[in-house]
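Here are my notes on this one, point by point. Have the model open while you read.

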Amino acid sequence: MQTFIIKTHQPGKTYLQPHFFVLNKGLNAGKPLKKPCPNCFVIIAKSVHSCNHLFHLTLMLQIGQFFKVDLLY
């Protein structure tokens with residue numbers, strides 16, 4: 001079982017553990033990012049392998065429009 005932490009990203013903060021960012025607003029909500037943006041969460045994993053796995057899982061969910069049902073127009 002993978003263990004990871006989801007936090008709200010704070011601009012200027014650096015993370016030492018393997019991590020990636022997920023956009024949390026707009027039509028691209030759920031999109032995984034390598035670099036932070038103002039409206040994003042940070043996902044912190046225990047290993048690089050887990051981080052890559054979670055990144056690609058999030059990318060597949062975003063491409064499959066899994067998060068679109070939660071967006072309000």
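1. First, a term: buried means under 20% relative accessible area, exposed over 50% and partly exposed in between, with a 1.4 Å probe and protein chains only. On that scale, 30% of the 73 residues of the protein chain count as buried. Keep in mind that this is a predicted model, where local features need pLDDT of at least 70 and side-chain atom pairs count only at pLDDT 80 or more, while totals for chains, interfaces and linings use all residues. Residues are numbered from 1 along each chain as its sequence is written, and side-chain values use heavy atoms, with hydrogens and water left out.

2. Now the fold. The protein chain has one helix and four strands, in the order β-β-β-β-α from the N terminus on. Its radius of gyration is 12 Å, close to the 11 Å of the globule rule for 73 residues, so the chain is as compact as a globular protein of that length. (Helices, H or I with at least four residues, and strands, E with at least two, are DSSP runs numbered from the N terminus; the radius is taken over C-alpha atoms, and the rule is 2.2 Å times the number of residues to the power 0.38.) Along the principal axes, the C-alpha atoms fill a box of roughly 35 × 30 × 15 Å.

3. Next, the rings. The structure holds two aromatic pairs. In the pair of Phe-20 and Phe-55, the ring centres are 5.4 Å apart and the planes are at 85°, so this is an edge-to-face pair. It links distant parts of the chain, with Phe-20 in strand S2 (residues 19–23) and Phe-55 in helix H1, 35 residues apart. (Rings of Phe, Tyr and Trp, the last by its six-membered ring, pair if their centres lie within 6.5 Å; planes under 30 degrees apart are stacked, over 60 edge-to-face, the rest tilted.)

4. Stay with Phe-55: both this residue and Phe-20 are buried. Lys-34 lies over the face of Phe-55, 4.4 Å from the ring centre; the criterion is NZ of Lys or CZ of Arg within 6 Å of the centre and within 35 degrees of the ring normal.

5. On the surface, Leu-57, Met-60, Leu-61 and Phe-66 form a nonpolar patch with about 390 Å² of accessible area together. Met-60 sits in helix H1 (residues 48–63) and is exposed, at 56% relative accessible area.

6. One backbone item to check: Gln-65, in the segment after H1, has a positive phi near 60° although it is not glycine. Most residues other than glycine have a negative phi. Gln-65 is partly exposed, at 48% relative accessible area.

Key: Patches are made of residues with over 30% relative accessible area and no salt bridge: like charges are joined within 9 Å, nonpolar side chains (Val, Leu, Ile, Met, Phe, Trp, Tyr) within 5 Å. Accessible areas come from the Shrake-Rupley method with a 1.4 Å probe; for residues, only the protein chains shown count as cover. A salt bridge is a side-chain nitrogen of Lys or Arg within 4 Å of a carboxyl oxygen of Asp or Glu.
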